[in-house]
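I am opening a notebook page on this structure. The entries below record what I looked up, in the order I looked.

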Amino acid sequence: MKAKTHTVKVVRWRFYFMLLALLCLLLAIVWHLASIQIMPNESRGYEFLQKQGLVRTLRLETIPATRGVITDRNGEPLAISTPVVSLWAQPQELQLSIERVSELAKKLLIKPSVLKEKLSRFKNKEFMYLRRHMTPADAENVLALGIQGVYAQQEYRRFYPAGEVAAHLVGFTNVDDKGQEGLELAFDKWLTGDAGKKQVLKDLRGRTFKDVSLISEARAGNDIALSIDMRLQYLAYRELKEAVKAHKAKSGSVVLLDAKTGEVLAMVNQPSFNPNDRSGLKVHALRNRAMTDQFEPGSTMKPLTVMAALETGRFSPTTEINTHPGFVRVGKKTLLDPVNYGVMDVGKILQKSSQVGLTKISLDLEGDVIRNMFFRVGLGQDTGTGFPGESVGTLPGYAKWQPIVQANFSFGYGMSLTTLQLAQAYSVIANGGEKNPVSLLKLNEQAKSTRVVQPRIAKQVATMLQRVVQKGGTGTRADVPAYYAAGKTGTIHKVGNNGGYSDNRYLSLFAGFAPANDPKIIAVVVVDEPSAGQYFGGEVAAPVFSSLVENGLRILHVIPDYIPAKSEKIVHKNNKAVAKKEPLS
């Protein structure tokens, strides 16, 4: 039996209607795709989608700028910037890989508990540092883990090739490359460069895969050439460190000045610190004592008092002063000499550092005459270096000078100064009465000097100071082999806890210059609280001066004044050796 078949008859208009509907749907899809990918100015067209894509992948990156290089006067680098990598994290992303935090911490060389605690504190933040200033190789090892939320950025770290030798002068920067101490702080704006900017494309892991455009180039900071000579700096550092250690001193400072220009050739302090590793840094070691610590200069002021006396015309180098019986009463106080020197000329008073002789000279003058001389050579005022925290010292003035105050003032008590100020004051004597501005930067041309003392008077004082280091003087250990030197010792009682002067705390000083007839170097040595038995300036500071100046002049290729011999000295005049038995005056 055959099955019945039914034929479904489709109404023609329905067929065409469905066909038209499908065609319209196809055209709508094509139109939508065209509006997305082709048609401009659509509210959510291809331009919108491209922008949204760029928002998610296009980033504005900072191009770090290198900090300017600091060098010594001969181009020896003292502070340079090296490229490093800092790793940071997006805390919310890193939380998604919390099971890998321990693995990450191990690579970062920190404890997992520390990293987890930090991640907990920053969980609502969008940025946190994981580790700063890593070497590129170490940073790459961490990034190779592929942990989500860990990113890198390029930075620069400051490195100091001279280490602790020039630390107090150069200073250092912080982790963000901003100057914190020393000349790094003083010239921070000059040394800091201008960061650049660029647009880059990044993937979902924050890795840059394409540089899109450079908006602005990074500009490196400006370089600085300091006035110091690292050969002399190393020499001064070694000599001072050995002296402080040998005499078990609390601290010490040395300053070397160029006698002709006022440039600082060396400046060192003890104790020091290593700016490349400040993990165990002690605050008291940060001070540049040569410029910040004030002290009473004691007998090193006697040449300046004599210079003031000579200027009045009432005294000359040969004027005789009777110091008998070896002491003098000023008010209720008695001022003593070690022995009764009797009658001495002014030159010998300096040679023996006679307190009695200086007292009689000073009391014959007005107090303001002495103070005016001290001020003219640079005391009680800024040296003009611009160094952060530099002290100006104290230089009191009185409407009426009490005799004992005037006497004490004339040999360096009742006032204060810094090691650098003392060096500048002695440069006036060495430079024929002209005062040069002190400079920590290398000078391309000599700064204008100021005449503060007549050349004849400055020369007379310089000649008298030669006798201090010769036989019979207080500073014979400051004698410089092959060169004639000049200078003055100082042994200062420090102020005690009760307000008076201590009987067993001293400051040992020597200030001078060489060669005496044509000075090239001014040197000041300060040793604070030597406690190994010796404490006189002639015992503690003078030998440092001798060794430092002798080797320093040889480094600078200064022709010797004479060739030391048992029976005679050979001096050089016009590059010819000439026998000379007596001291060169």
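I began with the pairing of strands β11 (residues 251–258) and β12, which run antiparallel and are joined by six bridges. Strands and helices here are DSSP runs numbered from the N terminus, E of at least two residues for strands and H or I of at least four for helices; two strands pair if DSSP finds at least two bridges between them. I noted that Leu256 has Ala266 in β12 as its bridge partner. The hairpin of β11 and β12 has five residues between the strands, and Gly262 takes a positive phi near 85°.

On conventions, the model is predicted, with local features needing pLDDT of at least 70 and side-chain atom pairs pLDDT 80 or more, while totals for chains, interfaces and linings use all residues. Residues are numbered from 1 along each chain as its sequence is written, and side-chain values use heavy atoms, leaving out hydrogens and water.

Next I checked burial (buried is under 20% relative accessible area, exposed over 50%, partly exposed in between; 1.4 Å probe, protein chains only). Seven of the seven residues of β12 (residues 264–270) are buried, so the strand is largely enclosed by the rest of the structure.

I then searched for cavities, meaning sets of points on a 1 Å grid over the protein atoms alone where a 1.4 Å probe fits but cannot get out; a pocket is an open set with protein on both sides within 12 Å along at least five of seven lines, and lining residues have an atom within 4 Å of a point. The whole structure gave one cavity of 30 Å³ or more. α7 (167–170), α10 (230–246) and β12 each give two or more residues to the lining of the largest cavity. Among its lining residues are Met267, Val268 and Asn269.

Which residues are closest to the centre of the second largest pocket? I found its volume to be about 930 Å³. Of the 30 lining residues, Ser299, Gln355, Thr491, His493 and Phe536 are closest to the centre. β15 (333–336), β19, β20 and α19 each give two or more residues to this lining.

I followed Phe536, which sits in the loop between β21 (521–528) and α19 (537–555). Phe536 is partly exposed, at a relative accessible area of 43%. Leaving out residues up to four places away in sequence, Phe536 touches Thr491, Ser508 and Ala541 (contact means heavy atoms within 4.5 Å).

Note on methods: Points joined across faces, edges and corners; volume = space filled by probe spheres on them.
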